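User: Could you walk me through this structure with a few questions and answers?

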Amino acid sequence: MMKLLAISGSARQASSNTALLRAVAEVAPPAFDISVFAGLAGLPVFSPDLEAAPLPAAVQAFADQIAEADGLILASPEYVHALPGGLKNAIDWLVSREEIIAKPIALMHGSHRGDEMLAQLRRVLSTVSSGFMAEPFLRLDLLKRSPEEIVTQMRADEMRAAVAEYLELFRSRCTSA
């Protein structure tokens, strides 16, 4: 069983990225245990002054989830052609921590646009983790769909197959690294 933590880069309650990750967790093959982290809004603003023990409880819980996962999947919106501040803040909390250093990480994206954010996210993640992978990458067109519509779309056979292929490729890259 491969345990994955899927991190939504959105703090929005009705986030399409969070809906995507929850749907992926639902339709994933049984060999994958996927938990979704949608708690960016609960993390305090990063400050090096707060990195000393004890960490803020929300940050410690986030770091613990990352430590327990075999790999990470991130899906994020683009805000003003850039990374959302909440996602960057979460990554900043991890920069000097060991949990993410070699953690396998792959991306999903629920839009046909957002390439500037994706380039920034790839640069940041490849800096903080030697386990960041440019591939696999799953891109879907979910723009303007409600969370319910996303779940319905992801339950379709062709989407289940795409998710399974993505996850199997991720696992194979993790074991060959």
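Analyst: Let's start with a term: buried means under 20% relative accessible area, exposed over 50%, and partly exposed in between (1.4 Å probe, protein chains only). This is a predicted model, where local features need pLDDT of at least 70, side-chain atom pairs count only at pLDDT 80 or more, and totals for chains, interfaces and linings use all residues. Residues are numbered from 1 along each chain as its sequence is written, and side-chain values use heavy atoms, with hydrogens and water left out.

User: Is D115 buried or partly exposed?

Analyst: D115 has a relative accessibility of 47%. That value lies between the 20% and 50% cut-offs, so D115 counts as partly exposed.

User: Which residue does D115 meet in a salt bridge?

Analyst: A salt bridge is a side-chain nitrogen of Lys or Arg within 4 Å of a carboxyl oxygen of Asp or Glu. For D115, the N to O distance is 2.9 Å, and the partner is R139.

User: How many residues apart are R139 and D115?

Analyst: Helices (H or I, at least four residues) and strands (E, at least two) are DSSP runs, numbered from the N terminus. R139 sits in strand β5 and D115 in helix α4, so the pair links distant parts of the chain. The two are 24 residues apart.

User: Which residue meets K3 in a salt bridge?

Analyst: K3 is partly exposed, at 30% relative accessibility. Its side chain takes part in a salt bridge of 3.8 Å, N to O, with E68.

User: Which residues of α2 are buried?

Analyst: Helix α2 covers residues 57–68. Its buried residues are V59, F62, A63 and I66.

Conventions: Expected span 1.5 Å × (residues − 1).
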